[in-house]
Amino acid sequence: MPNCRQIYQVDVPIHDTANPTLRGLHVFTGEADSPTTALRRAREVYDAALAVQRAGLEIPGRQPDSWGASGLRPGWEMEWTAAKADRWYNPLCCIPSGFAL
């Protein structure tokens, strides 16, 4: 059986600052013990990646707890107040009871 870790997905709405009608969703995933922790870690890795990107450096890969930020789009703004976090279920392990595939 694979190593089953508690993984969360954080969905953050985004919009183009030059054309706010263009909207999207940026998705972060990583280990966490709660939705609150997941939201905090997503924000931390985003802020760190943005600072590195603005300095002209390469965005680092995933952290040891599997959080990372990639695919950042210049000119797009995160709407953190509308972010949602929930458990991500790996279909290969940790299937909750009553969960149908």
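Leaving aside its neighbours within four places in sequence, with which residues is M78 in contact?

## Contacts of M78

In this predicted model, M78 is in contact with V12, P13, I14, H26, F28, Y46 and L72, once neighbours within four places in sequence are set aside. Of these partners, F28 is also listed, together with M78 itself, among the residues with the most contacts inside the largest nonpolar core.

## Nonpolar core

The largest nonpolar core comprises 20 residues. Those with the most contacts inside this core are V10, F28, W67, M78 and W80. At least two core residues are supplied by each of β1 (7–16), α1 and β3. The greatest contribution is that of α1, which provides six residues.

## Strand pairing

Strands β1 and β2 (residues 23–31) run antiparallel and are joined by nine bridges.

## Largest pocket

The largest pocket has a volume of about 210 Å³. Two elements, α1 (35–54) and β3 (76–78), each give two or more residues to its lining.

In total, 13 residues line the largest pocket, and Y46, L50, R73, G75 and W76 lie nearest its centre. By class, the lining consists of seven nonpolar, three polar and three charged residues. Y46, one of the residues nearest the pocket centre, is also among the contacts of M78.

Notes
Residues are numbered from 1 along each chain as its sequence is written. This is a predicted model: local features need pLDDT of at least 70, side-chain atom pairs count only at pLDDT 80 or more; totals for chains, interfaces and linings use all residues. Side-chain values use heavy atoms; hydrogens and water are left out. On a 1 Å grid over the protein atoms alone, a cavity is a set of points where a 1.4 Å probe fits but cannot get out, and a pocket is an open set with protein on both sides within 12 Å along at least five of seven lines; lining residues have an atom within 4 Å of a point. Grid points are joined across faces, edges and corners, and a volume is the space filled by probe spheres set on the points. Helices (H or I, at least four residues) and strands (E, at least two) are DSSP runs, numbered from the N terminus. Ala, Val, Leu, Ile, Met, Phe, Trp, Tyr, Cys and Pro count as nonpolar, Asp, Glu, Lys and Arg as charged, and the others, Gly among them, as polar. A nonpolar core is a set of buried Ala, Val, Leu, Ile, Met, Phe, Trp, Tyr and Cys residues joined through side-chain atoms within 4.5 Å. Buried means under 20% relative accessible area, exposed over 50%, partly exposed in between (1.4 Å probe, protein chains only). Contact means heavy atoms within 4.5 Å. Two strands pair if DSSP finds at least two bridges between them.
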